[in-house]
Amino acid sequence: MKLSTLLKYNDIVIQCHDNPDADALASGYALYWYLVQKGKSPRFIYRGHSQVQKSNLMIMIDSLSVPVSYEPDFDEKPELLVTVDCQYGEKNVTKTAAEFVAMIDHHQSPLASGEMAEIRGNIGSCSTIIWDMIREEGLDVNDDRKLATAMYYGLFTDTNRLSEMSHPLDRDMVDNLVIYKSMITEMSNSNITLRELKITGRAIMGYEYFYDDRYMLISAEKCDPNILGVISDFAMETAGVNVCIAYYSSPSEIKFSVRSCVKEVHADELAGFLAEGVGGGGGHLTKAGGTIKPDKLMESIGGKLDENDINEKQLTKVTAEHFKSKMKLYYESYEIIYARTAEIDRTGMKLYEKLPQELGVVKLTDIFPAGSMAGIRTLEGDIDLVVSDDIYLMIGIEGEVYPITEAKLTKSYKLLDKKYDRKFEYSPSIRNSLTGEVKKVLEYSHACISTGISRIYARPLTRKVKLFTAWDEEKYYSGDPDDIIAVREDDPHDIYVIRGRLFSQLYVEIPE
């Protein structure tokens with residue numbers, strides 16, 4: 001759905017979920033602003049039994065001029081109702097009658113579909129989605145710095161102070177917005193109540209510590225998910241604690257926060273592992289979090305959840321056992337490879353050469369000067385490197401990027417006299433770390449094709465691997481069973497992981 005689709009309506013009401021949070025307020029504010037820019041006179045409301053009372057949200061509404069009104073008894077029937085950060089018919093939003101309904105949300109649900117729904121379940125906040133939609137319409141929310149600040153705060157709170165961002169579009173918005181930092185600080189420092197301070201203290205006093213794997217598990221009472229971040233951040237100040245998981249369990253949801261201070265454990269990957277099959281998780285390398293569905297968790301152990309007759313003590317116990325068993329499995333499930341010093345045992349590996357597949361290549365000095373520190377943003381994560389004359393970027397068939405030296409490029413590929421023209425879910429970008437300037441990688445790309453000289457030894461992985469490449473010794477690439485571990489024939493330290501689903505499209509075996 002494009003935002004311009006909404007412009008054919010005149011009587012427009014924007015509604016966020018009951019008891020709104022910062023993202024609901026910010027995304028409604030952003031849509032309101034867009035419609036006003038287009039000459040419309042929308043109304044922005046929320047309903048339900050409770051008016052906003054949290055101090056940080058009251059500061060947000062007042063200081064950032066959020067044009068929202070509390071309408072518990074709203075009985076009009078507008079021509080168009082647009083729900084933001086929620087979906088029409090869900091339990092968390094009071095139903096409002098309307099001739100037509102549109103929905104914009106970042107929570108997946110089978111309820112939303114069709115031309116009047118924009119649902120992106122992998123995005124960190126609804127604010128990010130609307131920011132992207134407004135950008136597609138040629139407008140810039142930075143024209144209203146209060147709005148930009150509100151949208152930043154919406155993502156900030158929905159991703160636990162930006163620690164649980166998992167999609168590059170969220171990071172793009174953070175980089176792009178021009179905000180009042182003092183207001184973010186003021187709202188952030190008004191986010192915890194005296195009751196929540198007690199919750200934090202009681203939770204920390206009841207910690208469990210696991211010496212062998214050096215991680216801490218902390219159970220808390222139900223609270224604002226941001227408080228879990230406060231708890232785990234405090235616990236990470238403790239000597240000997242490499243990883244911390246803080247959580248609460250309730251009949252409706254189990255929320256958890258993950259922290260890591262060692263490069264061998266990426267918090268975002270661990271969060272996804274803990275929630276696999278029973279929920280979802282993501283975030284940053286050091287800070288992440290997620291949600292587990294209690295009914296899915298109970299089903300996984302052969303039980304059943306009845307929200308009307310739930311034993312919360314039992315659920316908390318089941319949740320704790322889930323985390324303990326998953327953590328044990330996590331630490332036992334992978335091996336670590338440091339490519340700069342390791343050499344792969346080639347026994348049982350077969351020799352392959354690259355198929356003549358058209359790929360993309362970019363010379364980094366065509367984008368930024370040699371010596372610049374650059375951050376390359378892709379759907380798979382960020383890569384940091386120093387720009388030099390002999391380093392290029394290869395762009396794969398799914399938009400994945402990886403560095404390559406000029407010597408290896410000229411040996412293995414032939415440049416074509418045309419641009420590399422493909423569409424991806426997320427187009428990789430590159431940022432000059434000093435100036436902050438951002439450019440799209442594909443705009444500087446050229447097409448190339450394999451010469452067949454590039455050969456690798458490869459075999460399927462039989463267990464998970466964490467690979468620290470020779471290019472980046474601080475961040476690992478994960479490989480799962482049935483992905484491919486590969487090493488160049490001419491360089492025993494050029495080791496990398498290839499997704500199993502792509503391998504047959506990229507390489508062919510060389511018969512012995």
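**A walk through the sheet and its helices**

Let's start with strand β5, residues 100–105, which pairs with β6 in the parallel sense over three bridges. Within that pairing, Met-103 sits opposite Ala-117 of β6. Bear in mind that this is a predicted model.

Now zoom out to the whole sheet. It is open, has six strands, and runs in the order β3-β2-β1-β4-β5-β6 with parallel pairing. The edges belong to β3 (68–70) and β6 (117–119); each has a single partner strand, so one side of each is left without a neighbour in the sheet. On average, neighbouring strands here are turned by 25 degrees against each other, direction ignored.

Next, the helices that pack on this sheet. Helix α1, residues 22–37, touches β1 (12–16), β2 (43–46), β3, β4 (80–84) and β5. The direction of α1 makes about 165 degrees with that of β1. Helix α3, residues 126–136, also packs on the sheet, with β4, β5 and β6 as the strands it touches. For α3, the angle to the direction of β5 is about 110 degrees.

Finally, have a look at α6, which spans residues 181–188. Which of its residues are buried? They are Met-183, Ile-184, Met-187 and Ser-188. These four lie on the same side of α6 because they cover an arc of only 130 degrees around the axis. The general rule behind this kind of pattern is that an α-helix has 3.6 residues a turn, so residues three or four places apart point the same way. Over on the other side of α6, Lys-181 and Ser-182 are exposed. As for what covers the buried residues of α6, that includes α2 (55–63) and α4 (145–158).

Note on methods. Residues numbered from 1 in each chain as written. Predicted model: local features only at pLDDT ≥ 70, side-chain atom pairs only at ≥ 80, totals over all residues. Heavy atoms only, no water. Buried < 20%, exposed > 50% of the residue type's maximum accessible area, 1.4 Å probe, protein only. Helix = DSSP H or I, 4+ residues; strand = E, 2+ residues; numbered from the N terminus. Arc of directions from axis to C-beta. Contact = heavy atoms within 4.5 Å. Pairing = 2+ DSSP bridges. Axes fitted to C-alpha atoms, helices over the stretch in contact; angles between N-to-C directions.
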